Amino acid sequence: MTKIGLRDWILLITLVPTLFISLGLGGYFSFARYQDLQHYLEEQASNIAEPLAIASEQALLSDNKTQLQRLLNLSHRKNSPLVKSIAIFDHQRSLVVTSNYHKDFSRLNEIAHQPWPQHSEILDDGNQLIILVPVVLEATDIDALALNDNEQLTAQLQHSQGKLGLVLVELQKDKVLLAQQSSLLVSLLIILLGMMLGLALSLKLIGRLTAPMQQLISLIEKLAEGRYASKLEQPYFGELDQMRLGINQLAYQLKELQDEMQHTIEQSTSDLTHTMEQLEMQNVALDMARRKAQEDNKLKSEFLAKMSHELRTPLNGVIGFTRQLLKTQLSHHQQDYLNTIQKSANSLLTLVNDVLDYAKLEEGRMPINPEPFSLRDMVNDSIELLAANAFEKQLELALLIDPDCPDDIIGDPLRINQVLMNIAGNAVKFTEHGSIVIRVSGSEYNDDKTLLHFSVQDTGIGIPQAQQEQLFYGFSQADGSIGRRYGGTGLGLFISQRLVEAMGGSIGFDSQPEQGSTFWFTVSCRRHPLPVSEALPVKLLSGKTVLYIEPQQYSREATLSLLNSWGMQVSACATAGQIQQALASQPHYDIAIIGRAVSLDQVNQIVELIRQLNHSCQHIYLLVNTLSPNLREALLQTGAEACLSKPAHQRKLAAALARPYQQLHELPSKVPAPPKSKLRVLTVDDNEANLKLINTLLSELVESIDSATNGAEALQKASQFHYDVIFMDINMPVMDGITACQRIQQSSINEATPIIAVTAHALDGERERLMLLGFSEFLSKPLDEQMLHFALKECCANISATPERDQQLLKQELPQSRHLDWELALRCAAGKVDLAKELLQILLNSLPATLTEMENLIRSKQVEPLIQLVHKLHGASCYTGVPHIKQLTELIETELKHGKTIEQLEPELFELQDRLQSLLAEAAGWVW
């Protein structure tokens with residue numbers, strides 16, 4: 001929108017009203033003048049025509065045209081400027097006389113032949129004005145004509161209503177029109193004069209306003225620029241002078257404010273400079289304090305790690321030799337003393353591990369290592385470790401796993417087990433009587449992810465409301481006196497919270513003092529598409545009738561849910577009356593399961609119950625709350641086929657229940673193994689155990705196997721013989737696997753031979769990198785028979801189908817250790833017990849030299865040789881069933897390759913050394 005300035009407004013305000021007023025007045029007076037001239041002309045016409053009509057009456061009666069002509073000429077001459085023509089017509093509408101017979105006279109004839117008016121009538125015919133005046137006789141005059149025997153004229157007059165004739169006067173309007181135009185011209189001149197006068201006044205006003213306004217605007221612009229010393233000294237007229245004085249006052253006040261603000265700014269700048277100097281000094285002090293705090297924290301973490309290492313080393317010896325002493329012949333008091341020593345040492349070891357985990361959490365080095373595992377096997381194994389402490393306090397320990405919860409999971413079983421053991425261990429520790437119920441369920445929230453929910457409900461002392469908020473803080477407990485009575489530092493829940501959050505879950509609890517607590521946590525895991533553990537023999541148990549006797553409610557619900565999920569027909573009983581009722585309704589059962597809380601004085605009651613059930617039940621099993629071998633042996637002698645501890649491990653319970661039926665379904669002879677493929681394979685690995693395992697697994701798949709311990713030896717053999725496939729380790733001395741692969745592919749004999757990379761440690765993107773470097777496929781350790789079969793089938797067309805293994809392993813007494821997982825070791829050894837033992841013995845034989853070399857490398861801070869040593873140890877641990885050592889070596893190798901220093905990884909290195917020394921100490925007492 002266009003802005004209108006002050007000059008334009010003044011012009012508009014001045015000229016527009018003047019124009020409208022002038023136009024109005026000029027138009028009004030012009031119109032009035034026009035009307036006056038028109039009326040004047042009409043009056044003149046009437047003044048001429050009407051007397052002439054009266055004077056021509058007698059002349060028309062007497063038909064005296066001469067007299068009429070004289071009258072017309074006289075009237076014409078008297079009004080000659082106005083009159084153009086005068087004509088008289090008789091009653092027969094015939095022209096009698098005219099004063100001027102002009103060229104347009106025919107118009108008068110036309111008017112005369114139209115109906116005559118009763119009175120005078122004026123016609124405006126453009127430039128002429130015509131007045132019609134009829135010559136009318138009175139009635140008396142008409143009667144006089146009748147008396148004079150002029151009947152024909154009398155009749156005509158009567159017919160024309162007494163109209164004897166018609167006088168037409170035609171007047172000129174030229175002078176009137178000229179006068180009207182002159183009047184209009186005068187009006188226009190007056191309007192123009194008014195406009196010019198208004199314009200002159202406007203310009204005069206504009207001239208007086210513009211200069212002051214420009215000066216005022218200029219002064220305001222100077223004030224806007226900060227030049228507050230500017231003033232206007234010249235006085236103005238009227239309100240403009242008041243405005244000038246106001247702006248001058250404003251400039252003066254702004255100048256004062258500017259001076260005051262400048263003074264304030266200078267003062268504030270001085271204060272700020274002083275404050276900044278103080279802040280700088282404080283920042284330096286804070287930075288020094290922060291660095292000192294970081295250094296102190298680092299020293300504290302190193303101290304904790306070293307102290308944990310120093311404490312665990314003698315503790316492992318104490319625990320190991322205590323176990324060895326417990327295997328010897330001891331008196332009752334000696335055995336009690338050793339059990340006390342073992343419990344105290346285990347408590348101290350747990351405390352040391354908690355402190356080490358706390359140090360790792362502070363440094364952000366608590367790794368999560370997802371791997372496939374069986375959820376039910378992991379939970380059952382964990383609960384078995386808690387059973388002894390629960391049995392000592394005569395507590396009911398029950399495990400309820402939702403049948404719809406998935407079992408094949410990808411997660412970190414070590415960390416999940418650590419959290420579950422901590423929470424359940426606290427429940428056992430702080431519960432004196434009643435029950436402890438562990439529940440596990442799962443809920444799917446997308447295609448391949450599951451949220452696992454664990455809860456531990458106890459009937460212990462509960463937690464006061466005021467102390468619940470501090471429960472998940474390190475080194476805090478709800479009740480310090482309880483910590484003194486039962487031991488503990490309060491680190492467990494703090495570490496558990498951090499671990500659960502790292503696994504994408506949450507942790508919480510509900511507690512009422514003296515009523516018990518329920519701790520819960522959730523973990524986000526992925527579902528594994530393939531079975532992770534060996535299938536249970538539940539097909540043999542489907543449809544079997546079971547009499548289940550269990551007085552404890554939660555234990556009865558847990559075992560009943562498990563048996564029902566196996567398809568068994570269960571009759572559950574809690575009292576002696578229910579047992580009698582069940583036997584009366586069904587006299588024969590395939591299986592009887594008796595769950596009891598037993599002691600030595602209750603053996604006779606169980607013996608009597610077993611005798612009672614022998615007639616009705618084919619197989620009888622016991623579930624008891626004791627781990628005493630003597631008591632369990634006494635119970636087995638009463639007639640039970642097996643005696644398991646409560647809560648029953650699902651795998652052990654299924655195996656025990658299915659054992660009689662497996663003997664009936666055993667095949668008389670083994671299926672012959674399929675023929676081997678006619679392939680020649682080269683295996684390359686610098687680790688003796690790894691090389692022996694891969695050769696053993698391949699020996700049943702291919703006919704010919706050659707081996708090499710480094711890349712140079714592999715290159716020499718590949719230059720002499722053609723191989724169908726080559727399995728190549730990556731990290732080897734003399735020549736690494738990548739160089740060997742590229743050299744072999746440059747030779748003419750094996751340039752097209754597929755080379756499969758085999759490594760115990762795979763970083764992100766390692767497979768893609770190795771494939772670009774020339775490898776045909778990539779396998780990660782630990783290897784198994786199925787993995788090798790798939791690799792051979794991918795690279796070679798004539799590989800035979802995978803042989804089916806007999807799933808029943810040899811029943812042998814294997815040495816037990818907290819470091820060993822025999823199920824994993826046997827799975828890696830393709831179910832061969834002798835091979836698993838041999839691989840483990842190779843690892844044990846190499847440990848003394850490995851520990852010595854590791855100590856030297858740590859002391860001399862040699863990173864690259866340490867990476868090679870840890871990598872080699874990691875490769876060996878992949879096949880020997882030592883998962884904790886495998887995870888530690890993998891973590892250390894990864895962190896070292898990512899740039900961590902040996903000092904930063906001291907806690908993990910010390911823990912690795914402790915575990916290796918502990919494994920060696922335990923292996924010294926094994927009988928193979």
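Trainee: Where does Val734 lie?

Mentor: In this predicted model, Val734 lies in the loop between β20 (725-729) and α21 (737-746).

Trainee: What makes Val734 exposed?

Mentor: Its relative accessible area is 72%. Exposed means over 50%, so Val734 is called exposed.

Trainee: What is the phi of Val734?

Mentor: Phi of Val734 is positive, about 70°, although the residue is not a glycine. Most residues other than glycine have a negative phi.

Trainee: Which value does phi take in Gln394?

Mentor: Phi of Gln394 is near 55°, a positive value, and Gln394 is a residue other than glycine. Gln394 is placed in the loop between α10 and β7 (396-401).

Trainee: Is the peptide bond from Lys646 to Pro647 cis or trans?

Mentor: The bond is cis, with omega near -10°. Pro647 is found in the loop between β17 (642-645) and α18. Most peptide bonds are trans.

Trainee: What makes Asp377 and Arg651 a salt bridge?

Mentor: Their closest N and O atoms are 2.9 Å apart. The cut-off is a side-chain nitrogen of Lys or Arg within 4 Å of a carboxyl oxygen of Asp or Glu, so the pair qualifies.

Trainee: Which parts of the chain does that pair link?

Mentor: Distant parts: Asp377 is in helix α10 (residues 375-392) and Arg651 is in helix α18 (residues 650-664), 274 residues apart. Both residues are buried. The structure holds 19 salt bridges.

Trainee: Why are Arg859 and Glu855 separated by about one helical turn?

Mentor: Because they are four residues apart in helix α25 (residues 833-860).

Trainee: Why is Arg859 called exposed, and Glu855 partly exposed?

Mentor: Arg859 has a relative accessible area of 57%, and exposed means over 50%. Glu855 has 32%.

Trainee: What joins Lys886 and Glu890?

Mentor: A salt bridge, with the closest N and O atoms 3.8 Å apart. Both residues lie in helix α27 (residues 883-897), four residues apart, about one turn of the helix.

Trainee: Why are α26 and α27 called roughly antiparallel?

Mentor: Helix α26 (residues 863-877) and α27 pack at an angle of about 150°, with their axes 9 Å apart. Angles over 145 degrees count as roughly antiparallel, so the label applies to α26 and α27.

Trainee: Which residues make the contact between α26 and α27?

Mentor: Among them are Val863, Leu866 and Ile867 of α26, and Ile885, Lys886 and Glu890 of α27. So Lys886 and Glu890 form a salt bridge and also take part in this contact. The crossing of α26 past α27 is left-handed.

Trainee: How many helices and strands does the protein chain have?

Mentor: The protein chain has 28 helices and 22 strands. Buried residues make up 45% of its 928 residues.

Trainee: What share of the accessible surface belongs to carbon and sulfur atoms?

Mentor: The share is 54%, from an accessible surface of about 48,800 Å² for the protein chain.

Note on methods. Residues numbered from 1 in each chain as written. Predicted model: local features only at pLDDT ≥ 70, side-chain atom pairs only at ≥ 80, totals over all residues. Heavy atoms only, no water. Helix = DSSP H or I, 4+ residues; strand = E, 2+ residues; numbered from the N terminus. Buried < 20%, exposed > 50% of the residue type's maximum accessible area, 1.4 Å probe, protein only. Areas by Shrake-Rupley, 256 points an atom, 1.4 Å probe, with all protein chains shown as cover. Axes fitted to C-alpha atoms, helices over the stretch in contact; angles between N-to-C directions. Parallel < 35°, antiparallel > 145°, perpendicular 65-115°, else oblique. Left-handed = near helix turned anticlockwise from the far one by under 90°. Contact = heavy atoms within 4.5 Å.
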